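Subject: Structure for your review

Dear colleague,

Please find below the structure that I am handing over to you. My findings follow it.

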Amino acid sequence: MTRTPRRGAYGVKGAPYAFLVPATVLFLLFFALPIGYALHLSFRRTEVKGLGLGKGAREEVWAGLANYTDALLDAELLRGALRILGYGAIVVPVMLGLALLFALLLDTERVRLRGFTRLAIFLPYAIPGVIAALMWGFLYLPDVSPFLYVLDAVGLPRPDLLDGGPLYFSLANIAVWGGTGFNMIVIYTSLRAIPAEIFEAARLDGCSQLQIALRIKIPMVAPSLILTFFFSIIATLQVFSEPTTLRPLTNSLSTTWSPLMKVYQDAFVDNDIHAAAAQAVLIALATLALSFGFLKAANSRTKQGDSR
């Protein structure tokens, strides 16, 4: 009688770690290593000797916190941050409000073509941001826009959508058009996970669809709303492709309109990679601080609600 050799205890215990190796390697190569290199560059600066010509004329030396001090005192970076705050004040509430509204409408029993409607709302999210910005830029240009042509035909004034205050709404419209579908899917999935018995009991008690939505559905999908708000904050602080794509169409968009555009300008146009690294680290820290503060506030509010 032959016996099957027993598998070593070390092999059994080490199997989960072997499955983690590919993900760990990718994480280190494409996430941890770039972050570490950016931190390294942010504490350095290039020292130029003489005319900066010849071998050894440029030397990378330790700069300490000088790059961070310069970034915090950079007026253009601060102006870009203020622009992003105004942009986010439009994008986040409108996008999440539409996502919640669409999710609630799709969750009703009388809706028709639910699958097609859900796909139609989500489809703009699948379009790359650069392509979406090009499409909307075509619709914003006064000479080629069919919408502005219709306004001319009916005798209404044509607004300049790429200048002044309307520029913020034009950029926000691109983000809302592209991001509403993703947030709607997140909220709608949470709505579908609510037990149907809760809605049946509410209907037996005489609640209307509006009362069910306001008093049951919205409070029960609050975690999903927090999650989508969290993602929206991160996406707002990292806006780059939309203003960069629309910049050739208008003089109102500078090369440093958003903080990430300022980082790109310093790194790849002005060739100041060290200052750009410090600015990128500050943007990452600001994103982390805002996200952590919001999550902490949301968790404390949830605990207060549970204690009641």
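In this predicted model, R79 and E76 both belong to helix α3 (residues 75–106), where they sit 3 residues apart, about one turn of the helix. Their side chains form a salt bridge, with N and O 2.7 Å apart. E76 is buried, because its relative accessible area is 17% and the cut-off for buried is under 20%. R79, at 42% relative accessibility, counts as partly exposed.

A second salt bridge joins R44 and E60, at 3.4 Å from N to O. This pair links distant parts of the chain: R44 lies in strand β1 (residues 44–48) and E60 in strand β2 (residues 58–62), 16 residues apart. E60 is partly exposed, with 36% relative accessibility.

R45 also forms a salt bridge, with E47, and the closest N and O atoms are 3.7 Å apart. Both partners are partly exposed: R45 has a relative accessible area of 35%, and E47 has 30%.

Buried residues make up 32% of the 308 residues. The protein has 26 positive and 20 negative side chains, and the centres of these two sets are 13 Å apart.

Yours sincerely,
A colleague

Technical notes: Residues are numbered from 1 along each chain as its sequence is written. This is a predicted model: local features need pLDDT of at least 70, side-chain atom pairs count only at pLDDT 80 or more; totals for chains, interfaces and linings use all residues. Side-chain values use heavy atoms; hydrogens and water are left out. Buried means under 20% relative accessible area, exposed over 50%, partly exposed in between (1.4 Å probe, protein chains only). Lys and Arg count as positive and Asp and Glu as negative; His and the chain ends are not counted. The place of a charge is taken as NZ of Lys, CZ of Arg, CG of Asp or CD of Glu. A salt bridge is a side-chain nitrogen of Lys or Arg within 4 Å of a carboxyl oxygen of Asp or Glu. Helices (H or I, at least four residues) and strands (E, at least two) are DSSP runs, numbered from the N terminus.
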